[in-house]
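Open the model in your viewer and get ready to select residues.

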Amino acid sequence: MKRLVILTVGVTHSGKTTFAQALEGQLPNSMVIDQDNHADFINTHYRALLPKQGPNRIKYAVTQTIVDYAVNQTSYHLILCNSNRHRHARLKQIDYYRNHGFTTVVVYFDLPDAVLQERVAHSQRSTSIFSKASSFKAILDRQQAESPDSGVIEPTAEEADHFFVIRNSDDAGDVIRQVAELAAPNID
C-alpha cells in the first residue's frame, strides 16, 4: 500500500492544525501527529524537564518516538502538523520517510502577514503549549523576523514528491481534495 506523509510548513496561526484535522477527516487511514499536543502534555505533566535555554529537545524526542511507532507499527498515512520551517530539518524528515517507503507531500502555508497578525490578535487558542513565549504574537513576531541565515527557508517543489501552497483559507479545500486523491488506488 502506498503511504503518504504530509508535512505542513508555516508560521503560527497560518491554518496548519485546522487543515490537518480537516485532511484527517477526508483521508482514510490517516492520523495527525501534532507537536503542539506533545508540548501541552509536557508542559502539563513534566514542566520541570523543560530546558531553561535552547531548543525544547524533550518535545522533539516525544514527537520522534510517536513518529517511529506510527511509521513502524501502523499502516497510517501521517499528517505532521508542526511548523517544519527549518530547511535542513525538513529535508532530513523527508529523507526519513522516503527511506521508509512513504510518498512525501509538503503543504506550505504562505498567508499574508496582515492576515496572520489579525489571527493572533484575536486568537482563542490555549497558551498551554508555551515553554518560553509569552503570547502567540511574540511567537509570530519571532518567526517573521527569522532569516534564511538561521535555516528558515521556504520549501520548494523539488523537496517533496508533491507540493502545494495555501495562500488563503479558500485554497485549503482544494488542496485537501488533491492530497486525498493521491492516496486513492489507481484503477486502470
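Start by selecting Asn84, in the loop between strand 3 (77-81) and helix 4 (87-99). Keep in mind that this is a predicted model.

Is Asn84 buried or exposed? Asn84 counts as buried, because its relative accessibility is 6% and buried means under 20%.

Now show the side chain of Asn84. Look for the backbone oxygen of Asn82, which this side chain reaches at 3.2 Å. The side chains of Asn84 and Gln93 are joined by a polar contact of 2.7 Å.

Which residues does Asn84 touch, not counting those up to four places away in sequence? Select Leu7, Thr8, Val9, Arg90 and Gln93 to see them.

Next stop: Pro28. Find Pro28 in the loop between helix 1 (16-26) and strand 2 (30-34). Pro28 is exposed, because its relative accessible area is 61% and exposed means over 50%. Pro28 and Ala184 are 156 residues apart along the chain. Draw a line between their C-alpha atoms: the separation is 9.3 Å.

Last stop: Phe41. Look in helix 2, residues 35-45, to find Phe41. With a relative accessible area of 40%, Phe41 is partly exposed. Together with Phe41, Tyr46 and Leu49 make a nonpolar surface patch of about 320 Å².

Notes
Residues are numbered from 1 along each chain as its sequence is written. This is a predicted model: local features need pLDDT of at least 70, side-chain atom pairs count only at pLDDT 80 or more; totals for chains, interfaces and linings use all residues. Side-chain values use heavy atoms; hydrogens and water are left out. Patches are made of residues with over 30% relative accessible area and no salt bridge: like charges are joined within 9 Å, nonpolar side chains (Val, Leu, Ile, Met, Phe, Trp, Tyr) within 5 Å. Accessible areas come from the Shrake-Rupley method with a 1.4 Å probe; for residues, only the protein chains shown count as cover. A salt bridge is a side-chain nitrogen of Lys or Arg within 4 Å of a carboxyl oxygen of Asp or Glu. Helices (H or I, at least four residues) and strands (E, at least two) are DSSP runs, numbered from the N terminus. Buried means under 20% relative accessible area, exposed over 50%, partly exposed in between (1.4 Å probe, protein chains only). A polar contact is a pair of N or O atoms within 3.5 Å; within protein, one must be able to donate a hydrogen and the other to accept it, and residues adjacent in sequence count only if both atoms are side-chain atoms. Contact means heavy atoms within 4.5 Å.
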